[in-house]
Amino acid sequence: MYLKTLHLRQFRNYQNQLVTFHAPKTILVGDNAQGKSNLLEAVELLATLRSHRTSRDRDLIQEGAPIGQISAALQRELGLRNLTLTLRNGSRRTVALNGEKLKRQLDFLGTLNAVQFSCLDLELVRGGPGERRVWVDTLLTQLEPLYVHILQQYTLALRQRNALLRQQSSDPNQRLKSFDPAQLAIWDAQLATLGSRVIRRRARVLNRLTPIAQTWHKAISNRSELLEIHYTPNVPMEADDPGVVQTAFLEKIQQRATAEYHQRTTLVGPHRDDITFNINQTPARQYGSQGQQRTLVLALKLAELKLMESVAGEPPLLLLDDVLAELDLNRQNQLLEAIQDRFQTLITTTHLGAFDAQWIKSSQILSVQAGQIGEDTST
Amino acid sequence: MEAKIQVGQCSICFHLSADAVCDICRSPNRDNQTLCVVADSRDVIALEKTREYKGKYHVLGGLISPMDGIGPEQLNISPLVHRVNKESIQEVIMAISPSIEGDTTTLYVGQLLKPFAKVTRIAFGLPMGGDLEYADEVTLARALEGRRELE
Ligand SMILES: Nc1ncnc2c1ncn2[C@@H]1O[C@H](COP(=O)(O)OP(=O)(O)OP(=O)(O)O)[C@@H](O)[C@H]1O
Ligand SMILES: [Mg+2]
Ligand SMILES: [Zn+2]
């Protein structure tokens with residue numbers, strides 16, 4: 001797929017900016033705080049309807065404006081798609097595809113696919129389990145849009161169950177009066193049903209991603225290292241079967257009942273999942289060197305790119321935010337070879353000097369200054 | 001906290017009513033052995049528009065939602081159990097839109113009533129979160145017809 005134009009209206013620090021892309025690679029160059037990441041964020045929003053930087057629409061709308069809009073013209077194999085996301089201060093955002101307003105936001109997903117790769121992604125390896133859950137959830141959002149709905153439902157059931165647990169009095173004499181085992185049992189069942197759908201989808205996507213990531217990892221590390229990716233769900237998954245997972249879920253809830261009662265929160269379920277990355281059988285999170293961690297993240301990102309390509313049937317976009325200059329020349333070249341001209345790539349940087357001349361050769365170069373984008377003619 | 005009968009509500013079914021007992025509860029032409037349980041008075045109005053349903057109603061006055069501090073005690077659930085027990089109801093039809101809170105309410109109420117009557121739920125071809133209120137009459141009538149016994 002190919003992003004032809006991007007039109008930002010009252011989005012972040014852009015007042016009204018139309019960008020036309022005319023090369024497979026676009027390098028956005030500019031000083032700090034000029035709007036480079038904001039532009040990538042706009043593309044990320046069209047791909048996932050989420051920003052990794054904020055969950056509030058009012059942060060995305062230009063300060064002082066009531067409304068902000070991102071529109072794009074995307075060339076897909078089957079035709080041109082026009083995407084529009086309208087953000088409103090104080091009311092719900094709306095989405096439109098080819099000028100038609102969509103009732104369900106999830107119908108918007110899957111049209112534009114993009115893989116985002118920024119220097120923050122090292123947190124994927126180094127950070128807490130939450131980082132890895134967001135990562136796998138974001139991947140699923142684009143591959144299986146229905147997943148968004150499942151995850152929302154699960155989160156709602158979880159919040160309801162937590163609220164019920166909190167209502168139970170901590171005073172043992174009062175407890176019996178306020179405790180409603182019949183209601184709790186129903187929330188348990190809801191949580192287990194929805195939670196097992198989350199678990200099974202996460203397991204399946206990681207199964208598909210792992211061999212691709214291993215292949216890339218081998219190539220980048222010159223065949224010297226073996227990568228393993230292990231999904232470690234909070235509820236053990238013995239088989240990819242709804243009944244089996246639900247039973248295990250409910251059993252674990254029983255086991256943890258006393259602890260849940262004291263902590264007054266739900267201790268069982270995919271909101272406590274993790275993913276372990278091992279390099280040569282050693283956890284990369286604790287023991288990986290900086291270089292190993294970078295190689296690992298690069299391999300994961302390339303695997304995302306390939307998996308998305310095979311699911312969508314077309315190469316997705318690649319968004320590289322400040323990351324290229326941080327890769328050494330070997331890794332830069334691995335990346336360049338992997339994407340070639342097939343994956344449209346948007347790259348941000350403060351200095352063109354940091355990367356290989358090959359990158360600059362065939363790229364469109366845009367300068368970004370205080371929310372204004374100009375065609376750079378100096379190179 | 002007991003559910004209080006408010007002014008403007010039927011004292012039997014809790015549907016909106018200027019009188020103490022509403023027209024539907026008073027009507028001699030309606031099937032006394034079938035009860036349709038809904039969340040809100042608006043759902044009664046929507047179902048009445050289909051002209052397909054001849055039984056009586058019971059309005060819960062909301063859905064179970066711990067986050068909003070709404071438990072079974074805040075809803076008209078005890079009067080419902082009492083009614084089903086006392087009035088020799090044969091079938092209770094749960095007609096609550098599918099959602100996390102709606103399903104929890106359906107299952108909760110269903111379990112309480114199962115010892116006394118056959119409990120069914122309407123078949124929703126509606127998307128999750130689709131409102132009873134906004135469903136067209138044909139869809140609603142079909143949902144009512146295709147009801148299944150609650151597991
Ligand atoms: N809602 C908003 N309205 C107006 N301006 C905003 C809004 N949100 C962010 N900005 C401005 O956008 C700028 C940050 O842009 P961005 O994050 O794209 O920087 P960048 O060019 O990627 O910089 P760096 O090289 O430091 O990463 C800041 O000047 C910030 O004040
Ligand atoms: Mg930036
Ligand atoms: Zn009445």
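In the predicted model, Ile279(A) stands opposite Thr282(A), a residue of strand 11 of chain A. Strand 11 of chain A is joined by 2 bridges to strand 10 (residues 274-279) of chain A, and the two run antiparallel. Both strands belong to an open sheet of 3 strands in chain A, in which the order is 9-10-11 and the pairing is antiparallel. The edges of this sheet are formed by strand 9 (227-232) and strand 11 (282-283) of chain A, each of which pairs on one side only.

Helix 1 of chain A covers residues 36-48, which makes 13 residues. The distance from its first C-alpha to its last is 19 Å, close to the 18 Å expected at 1.5 Å a residue. Of these 13 residues, 12 are buried, and helix 1 of chain A is therefore largely enclosed by the rest of the structure. The buried set includes the charged residues Lys36(A), Glu41(A) and Glu44(A), and also the nonpolar residues Leu39(A), Leu40(A), Ala42(A), Leu45(A), Leu46(A) and Ala47(A). After the helix comes Leu49(A), which has a positive phi, near 60°.

The shell consists of 18 residues, of which Asn13(A), Asn32(A), Lys36(A), Ser37(A) and Asn38(A) come nearest to the ligand. Among these nearest residues, Lys36(A), Ser37(A) and Asn38(A) are also listed as buried in helix 1 of chain A. Divided by class, the shell around ligand 1 contains 10 polar, 5 charged and 3 nonpolar residues.

Helix 5 of chain A comprises 22 residues, 146-167. The buried residues of helix 5 of chain A are Tyr147(A), Val148(A), Leu151(A), Gln153(A), Tyr154(A), Ala157(A), Leu158(A), Gln160(A), Arg161(A) and Leu164(A). An α-helix has 3.6 residues a turn, so residues three or four places apart point the same way. The cover over the buried residues of helix 5 of chain A includes helix 4 (129-143) and helix 7 (181-220) of chain A, together with helix 4 (100-113) of chain B.

The contact between the two chains involves 14 residues from chain A and 12 residues from chain B. On the side of chain B that touches chain A, 7 residues are nonpolar, 4 are polar and 1 is charged.

Methods
Residues numbered from 1 in each chain as written. Chains lettered and ligands numbered in written order. Predicted model: local features only at pLDDT ≥ 70, side-chain atom pairs only at ≥ 80, totals over all residues. Helix = DSSP H or I, 4+ residues; strand = E, 2+ residues; numbered from the N terminus. Expected span 1.5 Å × (residues − 1). Buried ≥ 20, exposed ≤ 12 C-beta atoms within 10 Å, placed from the backbone. Contact = placed C-beta atoms within 7 Å. Pairing = 2+ DSSP bridges. Near = placed C-beta within 6 Å.
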